[in-house]
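Student: I have a new structure to read. Can you walk me through some of its features?

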Amino acid sequence: AASAQASVLADWAAAPNGTSIAAMGVAAGLTADDLTRGPGLNQAGGATFNSNSWDAGADAASALANGNYLSWGINGLVAGEISDMEIRIDVSGTGPDFYEIFASTDGFSTSNSIFFFDTAGNTQGVDHNILTPSLSNITGGVEFRLVGWGATSPNGTMDIETIDFANGGTYGIRLNGNPLPPPASAALLGLGGLGAARRRREAGGKRPGSPRTSEAHAERDLI
């Protein structure tokens, strides 16, 4: 689950199936990148965001290099955090045996793995709630890529499905977090600024040779 102070940063629906899906419910002050396919994938049939051609590549690195991934992202964070991601993924019987989600803050010049899953032959949709403690104190944006490999046929598919569809769910991917520093951190920054202002006032109002009062001394020690 999301951290106590986290809120929804953005959602991506699982449908309709097409070339891309725009984000919805994006938090104020942020923008979001569409859910899209990498250049190595093709749109497959079905109502949800479904793709095939996952058979190229023997591991995550080669699949990523071959463009076998889905991509989405969030922008405009200011020393913010992404606390967790909710996503529902479904694969067909000849679809990817493995999938992994990577995150990058520099356009995938570098990236970190945040989640790996072995389907073990499962062909049912799976809900994942992925904690992302490494995605904190971020200024700028984060791009995510869902990479798949190990498909036994180019027609094998992997798609994003709606979480809790039976009960009226509306999204297949959700990012939770804080676009700004947590309130405790912001408060500490504010106290630091107040302390600096108080010291400047004391220095400006002190007469040459006058002793510092015990009250002023106590305030300084608390800052």
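Tutor: Start with ring pairs. Rings of Phe, Tyr and Trp pair if their centres lie within 6.5 Å. Here, ring pairs link Phe98, Phe116 and Trp149 into a cluster. Keep in mind that this is a predicted model.

Student: How many aromatic pairs does a search of the whole structure find?

Tutor: The search finds 6 aromatic pairs.

Student: How is such a pair described?

Tutor: By the distance of the ring centres and the angle of the planes. Take Phe98 and Phe116. Their ring centres are 6.1 Å apart and their planes meet at 20°, so this pair is stacked. The cut-off for stacked is under 30 degrees.

Student: Which strands hold Phe98 and Phe116?

Tutor: Phe98 lies in strand β8, residues 98-104, and Phe116 in strand β9, residues 112-118. The pair therefore ties together parts that are 18 residues apart in sequence.

Student: What is the relative accessibility of Phe98, and what is that of Phe116?

Tutor: Phe98 has 26% and counts as partly exposed. Phe116 has 43% and also counts as partly exposed. Partly exposed runs between the buried limit, under 20%, and the exposed limit, over 50%.

Student: Where do charges sit over rings?

Tutor: The charged end of Arg37 is over the ring of Phe49, 4.1 Å from its centre. Arg145 lies over the face of Phe108, and its distance from the ring centre is 4.0 Å.

Student: Which strands pair with β13?

Tutor: Strand β1, residues 7-12, is joined to β13 by 5 bridges, and the two run antiparallel. Val8 has Asn176 as its bridge partner in β13. Strand β7, residues 69-91, also pairs with β13 in the antiparallel sense, over 6 bridges. There, Met85 stands opposite Leu175.

Student: One last residue. Is Thr139 buried or exposed?

Tutor: Thr139 is exposed, with a relative accessible area of 64%. It lies in strand β11, residues 138-149.

Student: What does Thr139 touch beyond residues up to four places away in sequence?

Tutor: Thr139 touches Leu77, Val78 and Ala79. A polar atom of the Thr139 side chain lies 2.9 Å from the backbone nitrogen of Ala79. Thr139 and Glu81 are 58 residues apart along the chain, with their C-alpha atoms separated by 8.9 Å.

How values were computed:
Residues are numbered from 1 along each chain as its sequence is written. This is a predicted model: local features need pLDDT of at least 70, side-chain atom pairs count only at pLDDT 80 or more; totals for chains, interfaces and linings use all residues. Side-chain values use heavy atoms; hydrogens and water are left out. Rings of Phe, Tyr and Trp (its six-membered ring) pair if their centres lie within 6.5 Å; planes under 30 degrees apart count as stacked, over 60 as edge-to-face and the rest as tilted. Helices (H or I, at least four residues) and strands (E, at least two) are DSSP runs, numbered from the N terminus. Buried means under 20% relative accessible area, exposed over 50%, partly exposed in between (1.4 Å probe, protein chains only). A charge sits over a ring if NZ of Lys or CZ of Arg is within 6 Å of the ring centre and within 35 degrees of the ring normal. Two strands pair if DSSP finds at least two bridges between them. Contact means heavy atoms within 4.5 Å. A polar contact is a pair of N or O atoms within 3.5 Å; within protein, one must be able to donate a hydrogen and the other to accept it, and residues adjacent in sequence count only if both atoms are side-chain atoms.
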